[in-house]
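Subject: Structure handover and salt-bridge notes

Dear colleague,

Please read the notes with the structure open beside them.

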Amino acid sequence: SPYRRTHGAAQLKKPMSRPSGRIDARVAIRRALAEFVPERPLMPERTIAVIDGNSLMHRAFHGLPPSMTAPDGRPTNAVFGFMSMLFKMVADLQPSGVVVAFDRGKPAFRTEALAQYKIHRPPTDPDLKSQFPMIKELLGSLAIPIVEAEGWEGDDVLGTLAARGSAEGMRVLLVTGDKDAL
């Protein structure tokens with residue numbers, strides 16, 4: 001049969017074929033993600049992975065060569081690295097759900113509490129900054145919720161989501177590259 005059954009929901013998917021012209025990126029990403037899903041779940045039923053989006057974007061951006069670009073010249077190294085880490089995490093840990101938290105605006109709480117907060121940090125590289133809308137669009141295409149709160153950093157949102165998930169009886173996995181998160 002040209003159809004195969006995927007794990008989880010009883011969805012039937014056609015085999016991946018390249019039509020003449022372009023493949024819709026959302027379809028290609030969903031198909032690629034489906035290939036990473038192992039036969040059996042590795043975790044209890046209610047496990048949520050909460051990702052620090054800014055942390056993973058920075059790690060991917062600085063860990064991959066800036067020569068990775070889209071055909072129109074836009075840099076894509078952070079997007080590629082972020083999606084690779086996301087796919088591997090989903091394949092390895094099999095969470096029931098994934099949520100990504102991002103910074104939004106200046107962290108009012110921390111800058112009010114400590115005037116010197118991140119005062120020596122250089123501004124975000126424009127090539128990295130330009131990739132945030134791309135990753136958010138891809139996450140939206142995959143139906144992965146994005147959580148942002150004005151005046152709060154992604155790791156603050158991460159902690160709030162973790163506390164609420166735990167209070168609801170979920171197993172919560174924190175996915176971050178920040179050393180100060182623990």
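E148 is partly exposed, with a relative accessibility of 26%, where partly exposed covers the range between buried (under 20% relative accessible area) and exposed (over 50%), computed with a 1.4 Å probe and protein chains only. Its salt-bridge partner is K136, with N and O 2.6 Å apart, a salt bridge being a side-chain nitrogen of Lys or Arg within 4 Å of a carboxyl oxygen of Asp or Glu. K136 belongs to helix α6 (residues 132-141), whereas E148 sits in the loop between β5 (146-147) and α7 (154-167), so the pair ties together parts that are 12 residues apart in sequence. K136 is likewise partly exposed, at 26% relative accessibility.

Before going further, please note that this is a predicted model, in which local features need pLDDT of at least 70 and side-chain atom pairs count only at pLDDT 80 or more, while totals for chains, interfaces and linings use all residues. Residues are numbered from 1 along each chain as its sequence is written, and side-chain values use heavy atoms, with hydrogens and water left out.

By the rule given above, the count of salt bridges is three. In general, side chains of opposite charge can pair when their charged atoms come close. Another of these pairs is D92 with K88, at 2.5 Å from N to O; both residues lie in helix α3 (residues 77-93), four residues apart, which is about one turn of the helix. D92 is partly exposed, its relative accessible area being 38%. There is also a salt bridge between D72 and R74, whose closest N and O atoms are 2.9 Å apart. In this pair D72 counts as exposed, at 54% relative accessibility, whereas R74 is partly exposed, at 41%.

As for the chain as a whole, it holds seven helices and six strands, taken as DSSP runs numbered from the N terminus (H or I of at least four residues for helices, E of at least two for strands). Along the sequence their order is β-β-α-β-α-α-β-α-α-α-β-α-β. Of the 182 residues, 34% count as buried. Among contacts (heavy atoms within 4.5 Å) with a separation of 6 or more, 76% are between residues 24 or more positions apart. The accessible surface, from the Shrake-Rupley method with a 1.4 Å probe, comes to about 11,700 Å², of which 56% belongs to carbon and sulfur atoms.
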